[in-house]
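Hello,

Here is the structure I promised to pass on. Please open it first, then read my notes below.

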Number of protein chains: 2
Amino acid sequence: MRLYERLANDLEGLIRDGTLPAGARAPSIREFCRERAASAASVVRAYELLQARGLLESRARSGFFVAGQPARRAPRSTPAGSCRRPWHVEVSQLIFQILESARQRDALPLGSAFPSPELFPLRQLGLHLAHVGRHPDPWHTIEDLPPGNLTLRRQISQRYRLAGASVSPDEIVITAGALEALNLALQVVTKPDDVVAIEAPCFYGCLQAIESAGRRVIEIPTHPQRGLDLDVLESTLQRVPVRACWFMTTFHNPLGVTLSDAAKQRLIQMLSARDIALIEDNVYSELYFTRKRPRITKVWDSRGLVLDCGSFAKSLAPGYRLGWVAAGRYASDLWKRKITTSLATSVPIQAAIAHYLSSGVYERHLRRLRRTLARQQALMVAAIRKHFPGDCQYALPTGGYQLWVELPEHCDALSLHERALERGISIAPGPIFSAHQDHRRAIRLNYGHPWNAASETAIARLGSLMREQMQSR
Amino acid sequence: MRLYERLANDLEGLIRDGTLPAGARAPSIREFCRERAASAASVVRAYELLQARGLLESRARSGFFVAGQPARRAPRSTPAGSCRRPWHVEVSQLIFQILESARQRDALPLGSAFPSPELFPLRQLGLHLAHVGRHPDPWHTIEDLPPGNLTLRRQISQRYRLAGASVSPDEIVITAGALEALNLALQVVTKPDDVVAIEAPCFYGCLQAIESAGRRVIEIPTHPQRGLDLDVLESTLQRVPVRACWFMTTFHNPLGVTLSDAAKQRLIQMLSARDIALIEDNVYSELYFTRKRPRITKVWDSRGLVLDCGSFAKSLAPGYRLGWVAAGRYASDLWKRKITTSLATSVPIQAAIAHYLSSGVYERHLRRLRRTLARQQALMVAAIRKHFPGDCQYALPTGGYQLWVELPEHCDALSLHERALERGISIAPGPIFSAHQDHRRAIRLNYGHPWNAASETAIARLGSLMREQMQSR
């Protein structure tokens, strides 16, 4: 055990035995360094660990405080009928701790949010970038200001038509990736303190965006197999002044679940009746393993209430930072907002992707990518069947590259994450996908990286760690 | 006179003679179309014109209302001693109307915020982009996440050292252009309703960012020759809880003025004593015409309170959207904020600019660019001397590409803008640089475009329009 872990465990002991009760001030970093003759780096790391365990809170300029009695931190379920009130979110600190650990270069990235960059035609795409570089058009600097490069918007509009949605190039606004798209959409359709309905669990970027923007959330339970609970949504809309929804109805992150066509249609009817905007995070919809492309909510959106946010990051060009919003009635507000927050999206990047799409090879690349991801999913699931305890639960997504696994009783995702990271494996623990840090008995695993012996070993190790957790209770 | 102008003038008549008093509802667009047998497009344009003239206001879902008695719209000066209280800003609508007009393809862009893209080595830069395209490194997708590409941050850090400021690569965060840099800086150092001290006049992007973020402003008068009034700032800091300042102390936009070294030093002392952050919009500082590079506030910032925001857009690569913040003590908060709002800056763009800078030709390009801009300034000033009324006032900036011209009595910048645009000339009227729409007797002219006969004619036309305005009163 490393020094910082020992320091953390000792302090945890003081909290658990009540020497440091909930709300008490923890020793300052300086005091603790002196007391234990430890370096500041070790103490800082110990405090971070205790924050990740939910035992300490830092308050700006005041130091560290005990977060609450350990008993309070037991897994909390969110049954569909439970009473929920809108609230402001405070999640970023935990998420950042987890994300940073997933960036460790040598860790096996099962907790990563990204697929392997090796799955993408970066070399081929680079040739289109090179073409654009050799033929610069100075006037694009002005012409490609928001809403963005027209050729590119036409190409994206055509892809919507393939998906059965009639989206004109005029309602598309090019952005620096989907995350900017989603943030802009949120800013355009809501004001501070407005209530946004979100899924529980949901993509942590959604929680961070809402926290940054000072909106409130109301969580709608989302089931790993059935998806968003529309009955709860309906009753919520009746009693809470929801201003907008932020959902992922196709290949949900982290659950992987997709709403049925009928459910999507019902959702749109429900929101249309109340004039509520839907921010749809649709970044995985090209990555389907089924024979037929899934239909998206935009297909039924006759009133322009859906802001469908897409990106090439997961399907073509990670790192290029190119996304868009099909913003319906909000298109003009959206591109103005874009102008005031980041002015424009990189002109050569817009031109390079437009040039690539026009070359007609995108569909072939996508077919190959879908096959690869489906195969990698099968390999990971086979390893899980072999190595994980029998009572692990998971549902097979029909697209994307993330698998949601519910752990056996007595397992804890946050401490599993810590232990796994010590063994060079990153995982995404359930609590980072929740405004309440729920889902402590679930993890998200990424199968977007080429499968090899190290992957198999990592799954086996995770299985052993789970068994250790089950036995130590 | 075009139809929409006639419609606007007729409605203006009804407002001026009191038929439609302040606060009264204006006819709806549909009613007015029917009444005048005009197309919706003409009526919409007429209403936009009346909004630009400050006579009509649109209220969401309610239609148009008379803004106030025309008498209220007389130019309002902001003497240094006047009483000022912090307030929320609402400026974006007017700014967008003006910006949109400046985007007209055929208009001579004296009102543009951008220099001519032809002044930049886009072809040479494109070769570096092509190089990056042909040699993609998949792992950069992860490694160049915020704070950003290390080679690039080292290059930028070296340029700070040339300017006399010791800025380590660790405190630099790469952004998608300076506007994102400034917005992130604002979000990191302030909360909603906090008071931000700004210059008056100031860059309209500052007003828009503060409006979007829901912060309040307090204006500090800024003189075309002496710059920011530090005495007023000092007394303001004594009575108002200013949380941060957002200033341009080098080649101020729109005034062009630069604070002296002594004044910059006094400013930093004043803010350090109160622990107030300075968001420094420093996008023009490479464009100096003097023999010596101007010193920047960061030089004296020993406490890490300056967030120096820079960009390659004005000096090297318009349209690439690459900027940065040297964020001092806020660096870690800043790159985390960047991750939650736009995840990362385009990887190939970061790599291409880093590759260009490493090639060692940037300084040569800059020397040429500075000479060109200085020459174009001299040509514009010669034309102004020849064609503008004698009582126009202006001070010669020692860098940048914008000239602030104060118009003779009885001239009005907003109506000059309208008239000029009808003649194919865009200008930037003073009111877009003010939270109160002050500076109605000033315009900003851009000399960042190659000087030619059309430029000369445009200046001559502007002179005639001013004389017409003077005579019609």
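Is Glu422(A) buried, partly exposed or exposed? Glu422(A) has 33% relative accessibility, so it counts as partly exposed. Keep in mind throughout that this is a predicted model.

Glu422(A) also has a charged partner. It forms a salt bridge with Arg423(A), and the closest N and O atoms are 3.9 Å apart. Arg423(A) is partly exposed too, at a relative accessible area of 38%.

**Salt bridges**

Side chains of opposite charge can pair when their charged atoms come close. Over all chains, the search of the whole structure gives 34 salt bridges. A few of them are worth a look.

Start with Asp231(A) and Arg266(A). Their closest N and O atoms are 2.9 Å apart, in a salt bridge. Asp231(A) sits in helix H10 (residues 230-239) of chain A, and Arg266(A) sits in helix H11 (residues 261-274) of chain A. The pair therefore ties together parts that are 35 residues apart in sequence. Asp231(A) is exposed, with 53% relative accessibility. Arg266(A) is partly exposed, at 30%.

Next, go to chain B. Glu363(B) forms a salt bridge with Arg370(B), with 3.6 Å between the closest N and O atoms. Glu363(B) is partly exposed, at a relative accessible area of 24%. Arg370(B) has a relative accessible area of 8%, under the 20% cut-off, so it is buried.

In chain A, look for a network. Salt bridges link Arg159(A), Glu286(A), Arg293(A), Glu363(A) and Arg370(A).

**Where the chains meet**

How many salt bridges are there between chain A and chain B? The count is zero. Polar contacts are there, though: 15 residue pairs across the interface of chain A and chain B, both residues at pLDDT 80 or more.

On the chain A side, these elements give two or more residues to the part that touches chain B: helix H4 (92-102), helix H5 (122-134), helix H6 (140-143), helix H8 (178-189), helix H9 (204-213), helix H12 (331-342) and helix H13 (347-358). H5(A) gives the largest share, eight residues. By class, this side of chain A has 24 nonpolar, twelve polar and twelve charged residues.

In total, 48 residues of chain A are in contact with 48 residues of chain B. The two chains bury about 4700 Å² between them. Carbon and sulfur atoms account for 65% of that area.

**Helix H8 of chain B**

Helix H8 of chain B covers residues 178-189, twelve residues. From its first C-alpha to its last it reaches 16 Å, close to the 16 Å expected at 1.5 Å a residue. Eleven of the twelve residues of H8(B) are buried, so the helix is largely enclosed by the rest of the structure. Among the buried residues are Ala178(B), Leu179(B), Glu180(B), Asn183(B) and Val189(B).

**Thr190 of chain A**

Finally, find Thr190(A). It lies in the loop between H8 and strand E6 (195-200) of chain A. At 4% relative accessibility, Thr190(A) counts as buried. What does its side chain reach at 2.5 Å? The side chain of Thr190(A) reaches the backbone oxygen of Leu186(A). Beyond its neighbours within four places in sequence, Thr190(A) is in contact with Val196(A), Arg215(A), Arg243(A) and Ala244(A).

Best wishes

Notes: Residues are numbered from 1 along each chain as its sequence is written. Chains are lettered from A and ligands numbered from 1 in the order in which they are written. This is a predicted model: local features need pLDDT of at least 70, side-chain atom pairs count only at pLDDT 80 or more; totals for chains, interfaces and linings use all residues. Side-chain values use heavy atoms; hydrogens and water are left out. Contact means heavy atoms within 4.5 Å. Buried area is the accessible area (1.4 Å probe) that two parts lose on being put together, summed over both. A salt bridge is a side-chain nitrogen of Lys or Arg within 4 Å of a carboxyl oxygen of Asp or Glu. A polar contact is a pair of N or O atoms within 3.5 Å; within protein, one must be able to donate a hydrogen and the other to accept it, and residues adjacent in sequence count only if both atoms are side-chain atoms. Helices (H or I, at least four residues) and strands (E, at least two) are DSSP runs, numbered from the N terminus. Ala, Val, Leu, Ile, Met, Phe, Trp, Tyr, Cys and Pro count as nonpolar, Asp, Glu, Lys and Arg as charged, and the others, Gly among them, as polar. The expected span of a helix is 1.5 Å times one less than its number of residues. Buried means under 20% relative accessible area, exposed over 50%, partly exposed in between (1.4 Å probe, protein chains only).
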